[in-house]
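Reader: I'm new to this one and a bit lost. Could you pick one part and take me through it slowly, telling me what touches what?

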Amino acid sequence: MSSSTNTSPTIKAVIFDLDGTLLDTESLSCRAVIDSFKLTNAPLEPAIRSQLKQDGDLLPWELKQKILGLRGTEWVPITLGYAQEKWNWIGYENGLDWRDGWQSRRNNKDTQESETRERIINAFIETWERRLGDLCEQVVACPGALELVRALSEHGNLPLAVATSSRLEGVNKKRLKHEEMFQFFEHVVTGDDKNVRMGKPAPDIFLETARRLQVHPSECLVFEDSLQGAIAARAAGCVTIAVPDKRMETESFINHSDHVIPSMWYFDGKKWGIDVDMNNHSIED
């Protein structure tokens, strides 16, 4: 499934997103988000928590698709607003409104409010990261991810890197049991890197990763599972392959990627002069 891009530029490096692309952290991330309400002393109503548990501790898709690929400072306010609007979540003692459009409703001259919001967001992020870290022993690689990474390094002779919205502390916990994969990456650029000013869908992280690889962005092939990430990669000028969550409509990626595949097992690099064809392997997803 391809977009309208017909040119096939020479690829000199490959960049991977991490969460949902290389490591199947998304379900654990959802669990950590849900648990963080209680851990920050603002629990969800018992009926809501019970329903989420019945749904496998997954966030509703209408929320999840909005926050995929975003940095914590961006997805936390969206999540808190969703909780207020959809789950009748009371919020914290300060009674701040996080629902859609809160930025336009707040008093920009109220520095105390701004500081309070920043403190709440940072506390939620830190709590989520700790909880996710506790769950990281359960993280498994996405189907075909290790095999593709190894093949690109050993047979494609291409330098590899990771570009993730996650913060460095979280990445270090997630990778603990996956050094077999991470040994192939020359660089891991995280969302809190000082050289990454704007998060996805801004192109900053891919531009910075290409710079470290010493390869022009147009000669980088990017694998992304989120729409925000795909938009960022294309904005940077990279060739982009989308590997969407199975719940997401693949049509959403057509105008924001050069190719869409259901999993890494379906990658065939010959279009870009890469001597790697995952279709020759047994598909195990």
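## Helices first, then the sheet

Author: Start with helix α1 (residues 26-39) and helix α6 (residues 111-135), which pack at an angle of about 130° with their axes 8 Å apart. Axes here are lines fitted to C-alpha atoms, for helices over the stretch in contact, and angles run from 0 to 180 degrees between N-to-C directions. Helices (H or I, at least four residues) and strands (E, at least two) are DSSP runs, numbered from the N terminus.

A word on the source: this is a predicted model, where local features need pLDDT of at least 70 and side-chain atom pairs count only at pLDDT 80 or more, while totals for chains, interfaces and linings use all residues. Residues are numbered from 1 along each chain as its sequence is written, and side-chain values use heavy atoms, leaving out hydrogens and water.

Back to our pair: α1 and α6 are therefore oblique to each other (under 35 degrees is roughly parallel, over 145 roughly antiparallel, 65 to 115 roughly perpendicular, the rest oblique).

α6 has another neighbour: helix α4 (residues 72-86) packs with α6 at about 100°, axes 9 Å apart. That makes α4 roughly perpendicular to α6. Trp75, Val76 and Leu80 are among the α4 residues in this contact, with Phe124 and Trp128 among those from α6. Here the classes come to 9 nonpolar, 2 polar and no charged residues.

Now the sheet. Its 6 strands run in the order β3-β2-β1-β4-β5-β6, open and with parallel pairing (two strands pair if DSSP finds at least two bridges between them). β3 (185-189) and β6 (259-260) stand at the edges with a single partner strand each, so one side of each has no neighbour in the sheet.

Zoom in on β1 (residues 13-16): Ala13 and Ile15 point one way, Val14 and Phe16 the other, and all are buried (under 20% relative accessible area with a 1.4 Å probe, protein chains only; exposed is over 50%, partly exposed in between). Ile15 has Val222 as its bridge partner in β4 and Ala161 in β2. Lastly, helix α7 (residues 145-154) lies across β1, β2, β3 and β4, at about 160° to β1.

Key:
Contact = heavy atoms within 4.5 Å. Nonpolar A, V, L, I, M, F, W, Y, C, P; charged D, E, K, R; others polar.
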